[in-house]
Amino acid sequence: MPLRRFLSDEHDDELRQHLTRLTFARFLTGTAYRFIGPFAGVIATGLGVSLSTVGVAIGAGDLTGLAGPLAGAQIDRRGPRAGLVVGASVLVGGAVIAAVTRSLMPFAVALILMSIGKVTFDNAMTSWVSSRTPYETRGRVIGLIELSWAVSTIVGLPLMGVITGFSSFRVAYGVIAVGIALVTVHLARRLPRDRPAVGSERGRVAWNGQTVAAIVAFAFMAAAIVSMFVTFGAWLQDEFGLSSKAIGGAAFLIGFAELAGSSATATFADRIGKRRTVLAGAALFAPATLLIGLAEPSLPMAIALLGLCFGGFELAIVSFIPIIPSLQPQAPGAAFGFAGGVSTVLRAMSAVLATRAYEHWGIVGPTVLSATCMAVTASLVFLVVREPER
C-alpha cells in the first residue's frame with residue numbers, strides 16, 4: 001500500500017515519491033538486525049555456546065555504534081543517499097557471514113558488520129527525511145516509516161522463525177541477505193542524487209545542555225529495550241517451553257503493540273507535542289516491564305505485558321527521533337550519530353548485564369535493569385529536554 005496517501009500535498013515531492021520503498025528497506029534491515037534478540041537462545045544452541053556468551057557477542061556488535069558520530073558527519077557532508085546504500089551493503093555482508101559461519105568469532109564479526117550497517121542506514125534515513133520535512137510535521141513521517149519496525153516483528157521475525165524451525169538460523173540469515181541486497185540495488189537506481197552540503201559548519205555539532213540531555217536520555221531508552229529484547233525469547237522458552245516457531249508467533253503478537261505505538265506517534269505526536277508523547281510511552285513501558293519480572297504472569301498475561309512494554313517503547317522512541325536532529329539543524333546526521341554512539345555503549349552494557357542477570361536471577365534481573373534505564377530517560381526528558389521552537 002503506497003504510504004504517500006497518508007501525506008498531504010504540502011509534503012516534499014521526493015519524500016512522497018520514495019516513502020514506501022524506503023520504508024520497505026527499513027523493514028528488511030530491521031528484520032535482519034532484530035533476529036538475534038528473540039532467537040539468541042536458539043542461536044547459542046546452534047553455535048554450541050551459552051546465552052551469556054552470545055550476549056557478549058551482541059554487546060561487541062553494538063559497540064560499533066561508537067563510529068556513529070563519524071558516520072553522521074560524513075552523511076551530512078556527502079549526503080544521506082550514499083549513507084543509505086553503504087549502510088545496507090555493509091549489513092548484507094554481515095548477514096552473509098552469519099549465514100555461513102559455524103563458530104562464535106565469525107558470528108561476532110557478522111553482528112559487528114550488521115550493527116555498523118544498521119546504524120549508518122538509520123542515520124542516513126533520518127537525515128534524508130529531516131532535510132525534506134519541517135519539524136512541525138516530522139512526527140507523522142517518522143511514525144509512518146517506523147511502522148516498518150513493527151512490521152518486522154509482525155511479519156519478518158515470525159518468517160525468520162519459521163525458516164529457522166524448518167532449517168536453521170543460518171538459512172534465515174541467507175534469505176534476508178538476498179532480500180536486502182535486491183532492495184539496495186533498487187534504492188541505488190531510484191533515489192535522487194544527494195543535494196550538496198552547504199557551509200563550513202555543516203556536520204559540526206554545536207554542543208549545549210539540551211543536546212547533551214537529549215542524547216543521554218535517548219541512550220538510556222535504547223538500553224532499556226535491549227535488556228528486554230535479548231532475554232524475553234529465552235524466558236519464553238525456559239518458562240513456558242516455547243519452540244523457536246512459537247517464539248516467532250509471540251513476536252508476531254508483540255509486533256501489533258509496536259504497530260500501535262508507531263501509529264499513535266504518526267497520529268498524535270505532532271498534535272500534542274513529541275516530548276509529551278515520549279513521556280507517555282515511558283509511562284507505559286516501565287510498569288509493564290516490572291510486572292513481567294515481579295508478577296509471575298501466565299503465558300497470556302506475559303504476552304500482554306510484553307506488548308505494553310514494546311508498544312510503550314515504540315511510542316516513546318519514535319516520538320524522540322525527530323527531536324535530536326532538530327536541536328542541531330546544521331548537523332542533523334552528526335547529532336543523531338552521537339546519540340547512536342552513546343546508545344551503543346549503553347546498549348552493549350545492557351546486553352551483557354541483562355543476559356548475565358537472567359542466568360543468575362531469571363527474568364527479574366533484566367526487567368529491573370530495563371525499568372531503571374527508562375526511569376532515567378523519563379526524568380531527563382521531563383526536567384531538561386524541550387522541543388525546539390519553530
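## Helices and basis of the model

Helices (H or I, at least four residues) and strands (E, at least two) are taken here as DSSP runs, numbered from the N terminus. This is a predicted model, in which local features need pLDDT of at least 70 and side-chain atom pairs count only at pLDDT 80 or more, whereas totals for chains, interfaces and linings use all residues. Residues are numbered from 1 along each chain as its sequence is written, and side-chain values use heavy atoms, with hydrogens and water left out.

## Salt bridges

Side chains of opposite charge can pair when their charged atoms come close. With a salt bridge taken as a side-chain nitrogen of Lys or Arg within 4 Å of a carboxyl oxygen of Asp or Glu, the structure holds 5 salt bridges. In one of them the side chains of Glu258 and Arg34 meet at 2.7 Å, N to O; this pair links distant parts of the chain, since Glu258 belongs to helix α11 (residues 244–272) and Arg34 to helix α1 (residues 13–34), 224 residues apart. Glu258 is buried at a relative accessible area of 1%, and Arg34 is buried at 4%, where buried means under 20% relative accessible area, exposed over 50%, and partly exposed in between (1.4 Å probe, protein chains only).

Lys118 and Asp122 form a salt bridge at 2.5 Å, N to O, and both lie in helix α6 (residues 104–130), 4 residues apart, about one turn of the helix. Lys118 is buried, with a relative accessible area of 3%, and Asp122 is buried as well, with 17%.

Lys274 forms a salt bridge with Asp270, with 2.9 Å between the closest N and O atoms; Lys274 is buried at 3% relative accessible area, while Asp270, at 26%, counts as partly exposed. Lys274 also lies over the face of Tyr135, 4.1 Å from the ring centre, on the rule that NZ of Lys or CZ of Arg is within 6 Å of the ring centre and within 35 degrees of the ring normal.

Rings of Phe, Tyr and Trp (its six-membered ring) pair if their centres lie within 6.5 Å, and planes under 30 degrees apart count as stacked, over 60 as edge-to-face and the rest as tilted. The structure holds 14 aromatic pairs, among them the tilted pair of Phe229 and Phe232, at 5.9 Å centre to centre with 55° between the planes. Phe229 and Phe232 are both buried. One aromatic cluster is formed by Phe35, Phe39, Phe107, Phe169 and Tyr173.

## Cysteines

With a disulfide defined as a pair of cysteine sulfur atoms within 2.5 Å, the count comes to 0 disulfides. Cys309 is in no disulfide, and the nearest cysteine sulfur, that of Cys373, is 12 Å away. Cys309 counts as buried at 0% relative accessibility, and Cys373 counts as buried at 8%.

## The cavity

A cavity is a set of points, on a 1 Å grid over the protein atoms alone, where a 1.4 Å probe fits but cannot get out, and its lining residues have an atom within 4 Å of a point. Grid points are joined across faces, edges and corners, and a volume is the space filled by probe spheres set on the points. The count comes to 1 cavity of 30 Å³ or more, and the largest cavity has a volume of about 860 Å³.

The lining of the largest cavity comprises 41 residues, of which Tyr33, Lys118, Asp122, Trp149 and Arg347 lie nearest its centre. Elements that give two or more residues to this lining include α1, α7 (135–166) and α15 (332–361), and the largest share, 10 residues, comes from α6.

Key
1 Å grid on protein atoms, 1.4 Å probe; cavity = no way out; pocket = protein on both sides within 12 Å on 5 of 7 lines; lining within 4 Å.
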